[in-house]
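Hi,

Here is the structure I promised to pass on. Have a look at it first, and my notes follow below.

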Amino acid sequence: MTNYSYTLLIPLIPLTIFLLTGLSGHRFKPIYSGLAGTMGLTMAAFLSYITAIRYFFIDGPVNGMYPQIKAISTVWLRFTDTLHIDMGILIDPISVMMLVVVTTVSLMAHIYSLGYMKGERGFARFYSFLSLFSFSMLGLVLATNIFQMYIFWELVGVSSFLLIGFYYEKPSAVAASKKAFIVTRFADLGFLIGILMLSFTTDTFDFISLTSSTGPAIASSAGTAFMGLSVISWALILIFIGGAGKSAMFPLHIWLPDAMEGPTPVSALIHAATMVVAGVYLVARLFPAYALTAPDALHVVAWVGGFSSLFAAVIALTQIDIKRVLAFSTMSQIGYMMMALGVSGYGDHEGLGYMASMFHLFTHAMFKALLFLGAGSIIHAVHSNNMTDMGGLRKYLPITHITFLIACLTIAGIPPLSGFWSKDEILAAALHHNPVLFAIGFGVAGLTAFYMFRLYYNIFWGHDRHYHHTPHESPLVMTIPLMFLALAAIFSGFLPFSHMVTSDLKPFEAHTDLAVAIPSVLIALAGIGVATVMYRKPNTLPDRLASSIKVLYTASLRKFWIDEIYQFVTKKILFAGVSRPIAWFDRHVIDATMNLVGWVVVTTSSKIKGFQSGQVQQYAAVFISSVILLVLVFVYLFSN
Amino acid sequence: MDILSLFVVIPVVTVIAIMFAKNLEQTRWISATGMLIQLGLAAFLVFSYLHERNMGNTAHWLFTYDTVWFSSLNIHYTVGVDGISVAMIALTSIVVFAGIFASWEMKYLSREFFISLIMLASGVFGFFISLDLFTMFLFYEVAVIPMYLLIGIWGSGPKEYSAMKLTLMLMGGSALIMVGLLGIYFNSDPTGAMNFTFNLNEIAERGIPIEAQRFFFPMTFLGFGVLGALFPFHTWSPDGHASAPTAVSMLHAGVLMKLGGYGAFRVAIYLMPQAAHEQAWIFIILTAVSVVYGAFGAIVQKDLKYINAYSSVSHCGLVLFAILMMNQTALNGAVIQMISHGLMTALFFALIGMIYGRTHTRLINEMGGLMKIIPFLGVVYVIAGLASLGLPGLSGFVAEMTIFVGAYQHTDTFHRVVTIMATTSIVVTAVYILRVVGILLLGPVRNEHHFSLTDAVWWERLSTLTLLVAIAAIGIAPLWLSDMINFSLKPIVERIVAIL
C-alpha cells in the first residue's frame, strides 16, 4: 500500500504560512504575505493532485474496494482508556476528493485576491486569515475521528468569523460576523451533544469504526430510547443539526446571506465552495451509520435539504444584491446535496444519491466559486453590489461575461456542462426514492435557471447605465482564475464519479436516465426562456408580474421574515426576557440578601455598641450603679 | 531544605528584600526577580516531577517532607505534591509573574502593594503544597487576608464596601471550613482511641464515619464553594473584582478562586466521598445553575470587569460541577478548567486594567473601535475571548470538552439533563464574548480622544504574552498535562469507587 504520510504537509504548509504572516507579516510589504500564501497553497494543491492521482488512478481499488487509510494518527487528548481524541489523516475517496476541491478553490481565491484586494488596508492580515482557513478546512476534511472534525469545524467557524468581519470598522460587517459565529455555534451545540451521545453509546470517536458495518454504531443500534427513536438516531439527528448550521440549511441559514459582507473571494472560497459544504461532508462521512441504523435521521436530512433548496430558490428570485442571489443559490444547491444524501441507500446502485451528492458538491464548488469570483470582478468594476446599478456590462467585461455565462449555463443544468451531469444524478436518485422530493428538485431546477438568468441579463444586458468611470475588465491575475474555473465547470462533469466516490467504496456503473435528463433540460430551458423574455431588454413585465402577486413577491423579497423572527427571539426573549431579569435578580435579590445580612449585623452591633463606648466615666457609672443595685438585691434577698 | 518549602520561602525572602527597597524602581525589580525565580522553580518542579514519573516512581506524593509542629494536637508541617498540585503551582507562578508586570506602574505605596501581593502568593503556594489540614487552612487565611488591604487601599470605586463585602463573605466561608476541618479532625479516629490527625492521607485511609460526613461535607464544600463563586454565594465576585486593582483581580480570579475548587476536591470530596455521593445532587443543581446563570448574567453587563466576573461565575461553576461528577474524566477536566480559567481570566483582567489605564473607563459603551488604535491589546483580547468561548487550540476547549465527556459518562437522566444544560453555556458564552469584542474593539472609533492612545509597552507585552503562551501551549498540546493529572487522579478515583 502506498505511503501517504506526506499528506501531513498539505495542512501544515498553510498553518506555517499563517503563523509566519500572522506574527511577522506587518514587518514586510503586504505583497510578500500574499505571495507567500499563494505559493504555499500552490504547493498544497500540487500535493493534493498527486495524492488524488495516486489514490484513484495509480493505486485504485484493492479487491474492488477503495481502501480507507489512516496515513497518520496520534493521540491528542485522552478522556478515558477507550475514548481519546486523535489527530490524524484519513485518506479515502471523499477526503481525497475534498482535498482537491479545497486546495483548488483556495488557490484560485489566493491568486484572485492578489488583484482584488490590492491596496486594501490589512492585505497581509487577509492572507494570513486565508491561510488559517485553508489549514482548518484541510484539517476538517482529513479528520480521522469525529472529535478531530469538531475541532477543525470550530476553527473554520472562527476563520469564517474573522474573514466576514474583515472590514471590522464597518458595523454591518461586525454584525454579520457575529451572527455567523453565534448561529453556527448554536448548531454546533447540537453537534457536540450528538458526539457525546454517539461516543458514549459506541465508545469510540473513530470514523472507520463508526461507519464499519460490523462496528459498534451499526451493530448496537437496536432498541428505541426516546420518542420512538434509538439513541443512535437521536445522536445522528443532533449531529446533522451541526451540519445544517454550517451548511446554512433552513432554519439555520440566516447567517449566510449576511456573510456576504466579507470580501468576495472569501464568499467564493468559504461561503460557496468549501466551508458551507462541510455539513454535507459530515453526513457523507457518517453515511453508513445514517443509512444502516438511522433511516429516520436520513429522512430528516432529505426533507430539510429538499425544503431548504426550494425555500432558498424562491428567495433568490427577487433579491437585488447580486452576492445575495448567489448566497441563496448556494443554500439551494446545498439543499440539493443534502436531499441527495437523504434519498440515498447504501451500497452499489442503491447508493446513487450519495454518489450524486458528492458529484454535485464537486461541480458546484467549481461553478459557484466561478460565479462569486465573477461577481467580484463585476463589483470591482462598478463599485456596487446591486444589480439595479448594473446593465449592459458585456461590452466592458468580455472575459467576466463569457465565464459568468458559462457558470450560469452550468448551474442551470445545460448539457454537456458539469452541472447537468451531477444534477441529473440527484434527480434520478430522488425519483427512485420519493416522488415528492423529486418534484421539489425538479421545480427548483426551473427556478434556478430562471433566477440565474435574471441575474445574468440584469448585469450584462438590459439598460446601459451611465457609469461614473467606464467599467473595465479586471487584471489578468483576476481573470486567470475565472478562466481556469470555467474550464473546470465545463469539464468536471466527465469525471467518472461512480467509479471513484461511492457509498460503500466499491465502484459501480451509473447511466444517464433519459426519462429524467430530458425533462430536467427542458425545464431549465424554460426557466432561461422566461428570464430572457423578462429581462433581456428593459420592459415593464417584471414590475407588472411583481405587483400582480404582491404578497408572494414581498414574502420572497423579505426572505419570509425569518430574520425578524430571530431578532424577536434573541432581542425580546433572550436579552430582555432572560438576561436582563437574571442580571436584575442577581443585583436586587441575591446580592441584596447578602447586604441584608451585613446590614442586620451592622445595625445590631450599632444598637449594642453603646456598651463599649470607651469612656471611663460611663464605665464607672455603670459599674458603681450595678454594684449598688446588686448590694440592694443581696440585702433584700438575705434580709429575709 | 526541601524544594516545596522553597515555594513559601522565596516569596517571604522577596518580601523582606522589598522592605529594604529605596524606590519604585528597586521595588519592581526585586519583585520581578523574586517571582521570576519562583517561575523558574515551578518549571523545575514540573520537569523533576515528570522525570520522577518517567523513572517509574509511582508513589502518590512526591518531594514529601514532614516535621512535627504541635505534638500535643498532632499538627504537622507536611508537604508533598501530586500531579494536580504541581499543575496548580505552575498556574500560580505564571499568574503571579504576569501580575507583577501588570502592576509595573503601581506608584501609590508601591512597596506595601508588592509586599501584600507577594504575601498573598506565598499563602497560595503554601496551600497547594500542604498535606496537613491545619497548615493548609493557615495558608488559606494568609492568602485571603491581604486581599482586604489590597482592595481597600489600592482599589477604585466603592473600594471599602467591596473590600469589606469580599472579605466578610470569604470569612464566612472560612468559618464553615474551619468548623468542617475541626469536625474532620475529631472524627479522624474511628477506633475511638482519640488519636486524631490532620494528615490528609491518614484521614482518607482511616475514613470518617458516615454520620459525621453527612454533617461536615456540606459545610466544607460550601465553605470552599463560596471562594469558588458557587451560586448563590458569588456576589462578592463582581463587586470585589470591579474595585480591585489589576494585579489583585488577576490573582484573585486567576488563583485564589482556584483554592475553592482545589479545597472542595481535596478536602470535601476526597475525605468524605460517601456524603458527597449522597448530597452531590443539591450542589450539582447549584453549579449547573451557576454555569448558565453566570453566562446569561454576563450578556447584559456594561462594565468590562463585571462581564468578566460573571463569566468567572460561569466558568468556575463548571469546575465545581465537574468535581461533583466524581469520575476520573470529569475531575481531570475540573483541574484543567481551573488552570485554563486561571490563565484566561488573569489575562482578561490584565487587559482590562491596561485598557482602563488608557481610556479611564471600563464601560464598553464609552469605547469602540479600539482594535485600530491599540492593535496589540486588541488582538490579545480577541484571543483571550476565543479561549474563553472554548475555541480549539486554546486551553478552554480542552477543559470544557473533558468535563462534558466526563459528565456524560453518568447514565442516569438527572446527570444527562444537567450536563446538557451546562453545555448550552458554550453558546451563551459566545454571545457575550462577541458582544464585547464587537462593541469594544470593532466598529468605528466612538470617542475621538481615543485616537491618541498608545499601544502596549514592554512590560504589558511581557505580562500578557506570558499568559497567552501558556493558554496556547495547553490548547495545542494538552496530552502531557492531562496525563500528568490523570496519573494522580487514578488512585483517588479508584479509592472513591471502592468506598461507594
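H15(A) and H19(A) run roughly antiparallel to each other, a label for angles over 145 degrees between N-to-C directions. Their axes, lines fitted to C-alpha atoms over the stretch in contact, come within 11 Å and cross at roughly 160°. Helices here are DSSP runs (H or I, at least four residues), numbered from the N terminus.

Before going further: this is a predicted model, where local features need pLDDT of at least 70 and side-chain atom pairs count only at pLDDT 80 or more, while totals for chains, interfaces and linings use all residues. Residues are numbered from 1 along each chain as its sequence is written, and chains are lettered from A and ligands numbered from 1 in the order in which they are written.

Back to the helix pair. Residues of H15(A) that meet H19(A) include A:Ser329 and A:Tyr336, and those on the H19(A) side include A:Gly441 and A:Thr448. Contact means C-beta atoms, placed from the backbone, within 7 Å.

What about the two chains together? In chain B, 42 residues are in contact with 37 residues of chain A. H18(B) gives the largest share of that side of chain B, six residues.

Chain B itself comes to 20 helices and two strands, the strands being DSSP runs of E with at least two residues. Its C-alpha atoms fill a box of roughly 75 × 60 × 45 Å along the principal axes.

Enjoy exploring!

Methods
Two residues are in contact if their C-beta atoms, placed from the backbone, lie within 7 Å. Axes are lines fitted to C-alpha atoms, for helices over the stretch in contact, and angles run from 0 to 180 degrees between N-to-C directions. Angles under 35 degrees count as roughly parallel, over 145 as roughly antiparallel, 65 to 115 as roughly perpendicular and the rest as oblique.
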